[in-house]
Amino acid sequence: MKSQEVRSKFLNFFKDKAHSIVPSAPMVLKDDPTLMFVNSGMAPFKEYFLGNGQPKNSRIADTQKCLRVSGKHNDLEEVGYDTYHHTLFEMLGNWSFGDYFKKEAIAWAWELLTEVYGIDKDILYVTVFEGNEDDQLAMDSEAFELWKQFVPEDRILMGNKKDNFWEMGDQGPCGPCSEIHVDIRSAEEKAKVPGKDLVNKDHPQVVEIWNLVFMQYNRKANGSLEVLPNKHIDTGMGFERLCMVLQGVQSNYDTDVFTPIIREIETIAQSNYRKNEKVDVAIRVIADHVRAVAFSIADGQLPSNTGAGYVIRRILRRAIRYGFTFLDQKQPFIYRLVDVLSEKMGTAFPELKSQKHLIENVIKEEEASFLRTLDQGLIILDGIVKSTKGTMVSGEKAFELYDTYGFPIDLTALILHEKGLSLDEKGFNEELQKQKNRSRAASEMSTGDWTVLIDDADQEFIGYDALEANVKITRYRKVTSKKDGEMYQLVFNLTPFYPEGGGQVGDKGYLEDVHGDVVYIVDTKKENNVIIHFAKSLPEHLTESHKAVVDAKQRYRTECNHTATHLLHQALREVLGDHVEQKGSAVHSKYLRFDFSHFSKLTVEELRDVENFVNARIDGKLPLIEKRNIPMDEALNEGAMALFGEKYGDTVRAVRFGKSIELCGGTHVKNTADIWHFKIVSEGAVAAGIRRIEAITNDAVKDFYVENNRQFFEMKDLLNNSKEPVKALQSLQEENANLKKQIESLLKDKAKNIKGDLKAELQDINGIKFLAKELDLDASGIKDLCFELGSQFDNLFLLFAASSDGKALLSCYISKELVESKGLNAGQIVRDLGKYIQGGGGGQAFFATAGGKNPDGIQEALDKVKDYIA
Ligand code: ATP
Ligand code: MG
């Protein structure tokens with residue numbers, strides 16, 4: 001069964017069971033401070049499990065892109081070495097939000113696997129939670145009884161808390177789970193060791209394919225469990241593993257999900273898969289990682305130096321490194337795999353098709369730059385090797401190479417090994433640990449339990465229409481971190497505060513009670529669909545009503561910038577073309593930043609056209625036309641621009657100014673005229689094929705022009721209030737250039753004259769042509785003079801001195817013959833004489849200089865130098 005069919009059979013099965021089929025949410029999370037990437041199918045639905053919202057249908061099924069490369073789930077180091085863990089994989093899942101529970105989940109899983117997919121019952125095992133004393137939980141006998149209807153008892157295995165109790169995090173919803181495992185070994189192997197002894201033992205052919213989680217508890221901050229009023233089902237089945245079973249192969253990499261990519265790698269690298277274990281690992285690493293990186297870029301996450309971008313960069317670099325080391329790929333090549341990838345997966349994930357060129361460009365550029373790093377690192381490593389005494393290279397040096405230059409440590413170890421040296425791994429690990437401790441200490445954070453004041457989960461956002469409201473605090477908690485110290489997070493029943501999101505910063509403002517006590521709100525964020533206000537202290541009268549007031553000025557400036565961002569987006573597509581796509585934006589009160597796909601630097605004319613386009617729409621006084629809570633299809637039909645990499649709920653908000661229509665949750669001015677004016681302040685590249693514009697609006701533009709104007713008048717003043725300052729400046733520049741030329745030729749003449757005079761002054765002492773003298777020349781003039789004289793005379797010994805700005809300079813020149821025959825050394829001589837000018841210096845035996853801070857000592861130095869030839 002082809003993988004496409006495997007996927008659609010899953011979705012159709014649950015569709016028939018009244019589930020809504022939804023597209024995969026983006027893998028890179030935007031509004032969840034606790035998670036960088038979606039690492040399981042349930043992550044996009046967290047808010048529903050937490051009770052912070054209700055989906056339209058309480059039954060949902062999908063295939064979700066997951067990435068397990070950081071945090072609680074990190075399979076990165078396994079990938080390539082085993083045959084069934086990936087960084088990016090698809091998780092097929094079905095969900096019940098307070099709807100059906102264990103009975104249906106178990107029966108349907110069994111029906112799908114054995115009847116729809118026709119998997120032989122005799123290769124399946126299931127597990128059930130055995131209970132746990134610490135949590136005072138008994139075995140999950142409910143699940144056990146349900147499984148018994150389908151599975152013989154000796155194939156139902158008891159599992160411990162680690163494998164069979166699923167938790168969302170340290171706190172939050174959790175519950176027992178049942179896993180389904182397959183045993184795909186040969187009959188011969190099975191006869192030797194029974195499958196049930198290999199379940200959950202990391203055997204490559206006895207693997208877990210599906211996990212059914214029964215969410216029935218909530219874990220509190222103190223570790224205790226409470227029963228959830230609404231019970232949920234969360235299941236996750238590894239798509240690639242399922243394909244392995246259904247295609248009768250022994251490895252995920254032998255399914256049609258991976259073979260086309262592997263064939264392409266074989267062709268490019270001219271090496272065969274399944275000939276040599278090291279090469280095989282490299283091929284699997286690359287085949288896996290190109291998927292992870294391509295999907296991330298398609299989701300809008302570019303490789304970078306921080307956060308999620310850094311994780312992506314590290315994945316790509318791991319692939320480059322394996323290609324470099326084991327496939328001898330010294331040129332970019334991974335980007336060439338994007339073609340097959342988008343062809344094979346572009347139907348299920350259209351973002352791969354539409355963003356193909358961008359993905360290729362970004363990967364290629366990253367490859368080229370990391371290959372340069374590798375080259376440079378190899379040179380530095382060479383230096384380290386040469387300076388190493390003994391056979392062990394210090395961990396500290398290796399760490400520096402790794403930390404400062406980004407040179408991978410395993411490559412260092414490998415190269416040292418090839419050279420017969422070894423790496424002090426203990427020392428390296430100590431350095432690494434030190435660094436980790438430093439960064440951990442910096443980011444340590446503790447989060448308290450919520451204290452609930454009003455048990456009402458609903459929260460209303462009224463910030464589109466109001467900047468002030470009377471609110472009630474429904475719950476709060478304390479968060480302590482090294483960075484921010486103590487902070488309080490407050491949730492209100494309704495709020496005018498806009499939470500950071502969609503690129504726009506969170507609102508600031510204050511809370512005031514009837515007694516006049518004020519608490520400042522320093523930031524507003526959204527977590528799992530709840531708006532959280534950050535305060536430095538806790539309001540005194542927590543249970544009373546408060547007036548919540550948004551900082552209107554900051555909000556207004558931010559709105560100007562947000563609306564201008566939409567107009568800028570429209571302008572760029574108009575001026576540059578439809579290939580322009582938004583790749584990121586930051587809307588602050590002081591400025592806006594907009595990243596977009598485009599391949600070349602914008603010309604002055606293009607920038608002017610873009611500015612003019614936006615300003616024309618500001619002058620056009622376009623009103624905000626906003627449609628809240630409309631279905632996605634309706635918004636798209638109206639011509640709204642949808643971005644890949646955004647997670648949208650069932651309904652969306654469309655924001656329109658003239659012909660600019662975008663899906664956007666941000667706040668905007670009521671009319672474009674409010675923006676007053678738009679000005680681009682910079683344009684540049686952020687990555688291959690991605691440009692960045694920074695711009696300002698409103699007050700900031702006024703400030704910008706006022707400041708420019710001030711500088712202009714100051715300049716005009718300096719130009720004697722010329723009526724035509726530009727012309728005046730040009731003629732000054734010309735004049736300046738002419739003067740420079742004149743000075744240069746005068747200096748040349750002067751040097752010539754000096755040379756002539758000096759020739760006459762040369763003394764003959766013991767067959768040496770000697771001169772010691774102070775000159776009115778700079779260091780380079782003196783040097784030129786020495787070498788010119790040197791080319792005309794043999795047996796020359798010169799000591800020239802000069803002084804300027806309280807500094808003294810000595811330059812000593814000695815003909816090579818003298819250096820050899822008389823053992824004279826200019827470097828030594830200037831070092832000795834340096835003491836008279838209170839300084840030091842050095843150089844070579846035939847030419848050296850010294851600098852000092854005592855020009856008064858020059859004469860003494862000139863007198864003493866004769867001693868060397870007397
Ligand atoms: P394993 O013990 O094999 O790592 P897990 O316990 O981490 O699996 P879950 O978190 O329960 O897995 O995820 C649900 C399903 O997702 C698993 O049953 C498996 O089929 C699949 N899966 C998990 N991790 C990966 C991975 N790194 N690559 C591919 N599939 C995976
Ligand atoms: Mg795992």
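## Domains and overall build

The C-alpha centres of domain 5 and domain 6 sit 67 Å apart. This is a predicted model, where local features need pLDDT of at least 70, side-chain atom pairs count only at pLDDT 80 or more, and totals for chains, interfaces and linings use all residues. Residues are numbered from 1 along each chain as its sequence is written, chains are lettered from A and ligands numbered from 1 in the order in which they are written, and side-chain values use heavy atoms, leaving out hydrogens and water.

The protein chain is split into domain 1 (3-257), domain 2 (258-379), domain 3 (388-443), domain 4 (450-550), domain 5 (575-706) and domain 6 (750-868), with bounds that come from an automatic or database domain assignment. Its C-alpha trace spans about 115 × 75 × 55 Å along the principal axes.

Of the 870 residues in the protein chain, 50% are buried, meaning under 20% relative accessible area with a 1.4 Å probe and protein chains only. As for contacts with a separation of 6 or more, 68% are between residues 24 or more positions apart, where contact means heavy atoms within 4.5 Å.

## Rings that pair up

How many aromatic pairs are there? The count comes to 31. Rings of Phe, Tyr and Trp (its six-membered ring) pair if their centres lie within 6.5 Å; planes under 30 degrees apart are stacked, over 60 edge-to-face, and the rest tilted. Take Phe129 and Phe165: their ring centres are 5.2 Å apart and their planes at 45 degrees, so this pair is tilted. Phe129 belongs to strand S6 (residues 124-129) and Phe165 to strand S8 (residues 165-167), 36 residues apart, and the pair links distant parts of the chain. Phe129 is buried at 2% relative accessible area, and Phe165 is buried at 7%.

Phe770 and Phe797 make a tilted pair, with 5.7 Å centre to centre and 50 degrees between the planes. Phe770 is in strand S33 (residues 768-774) and Phe797 in strand S34 (residues 796-804), so the pair ties together parts 27 residues apart in sequence. Phe770 is buried at 1%, and Phe797 is buried at 0%. Elsewhere, ring pairs join Phe45, Tyr48, Phe49, Trp95 and Phe97 into a cluster.

Technical notes:
Helix = DSSP H or I, 4+ residues; strand = E, 2+ residues; numbered from the N terminus.
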